[in-house]
Amino acid sequence: MQEKNRMKITIFGNTYIIRSNRDEEKVHEIVKYAENTLERTKKDNPRINRQELLTLCVMNLCDDYFKMKEQMENNEMNKEQLVKVEEENRQLKAQLKNRKDGKGFSGNTRSRRK
């Protein structure tokens with residue numbers, strides 16, 4: 001099991017000592033994201049109290065999470081569809097090659113128009 005690093009962080013004017021198995025650089029990136037979210041929410045809602053600010057931030061972060069989750073699920077579905085289309089494309093190319101080579105093809109090669 002990875003040892004947890006102990007570090008000091010400051011979020012919105014409050015200092016905390018935390019433990020994390022993430023490296024310090026990544027923790028500071030997360031802290032910066034939290035700070036930016038708090039600042040942006042406070043700027044958009046200057047009259048709210050601290051509790052309301054934190055509640056709105058949590059809601060915004062949860063919304064971001066669910067949007068990203070939905071996007072990842074859509075990307076996964078698109079990836080599965082792409083794999084199916086690529087397989088169909090390979091099969092059609094093989095059929096076309098066989099027809100050009102004269103294999104697996106019988107009858108008149110020209111279409112008839114009336």
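This is a predicted model: local features need pLDDT of at least 70, side-chain atom pairs count only at pLDDT 80 or more; totals for chains, interfaces and linings use all residues.
Local features need pLDDT of at least 70 and side-chain atom pairs count only at pLDDT 80 or more, while totals for chains, interfaces and linings use all residues. Side-chain values use heavy atoms, with hydrogens and water left out, and residues are numbered from 1 along each chain as its sequence is written.

The chain holds two helices and two strands, in the order β-β-α-α along the sequence. These elements are DSSP runs numbered from the N terminus, with H or I over at least four residues for helices and E over at least two for strands.

Of the 114 residues in the chain, 11% are buried; buried means under 20% relative accessible area, exposed over 50%, and partly exposed in between, with a 1.4 Å probe and protein chains only. The chain exposes about 10,700 Å², of which carbon and sulfur atoms supply 50%; accessible areas come from the Shrake-Rupley method with a 1.4 Å probe. Counting contacts (heavy atoms within 4.5 Å) between residues at least 6 apart in sequence, 17% join residues at least 24 apart.

Helix α1 spans residues 24–44 and helix α2 residues 50–100; their axes come within 10 Å and cross at roughly 115 degrees. Axes are lines fitted to C-alpha atoms, for helices over the stretch in contact, and angles run from 0 to 180 degrees between N-to-C directions. On the α1 side the contact is made by Y33, T37, L38, T41 and K42, and on the α2 side by L53, L54, L56, C57, N60, L61 and D64.

One of these residues, C57, is buried at 4% relative accessibility, whereas C62 is partly exposed at 36%. The chain has zero disulfides, a disulfide being a pair of cysteine sulfur atoms within 2.5 Å.

Between the strands β1 (5–11) and β2 (14–20) runs a loop that contains F12. Most residues other than glycine have a negative phi. F12 is not a glycine, yet its phi is positive, at about 55 degrees. F12 is partly exposed, with a relative accessible area of 26%.
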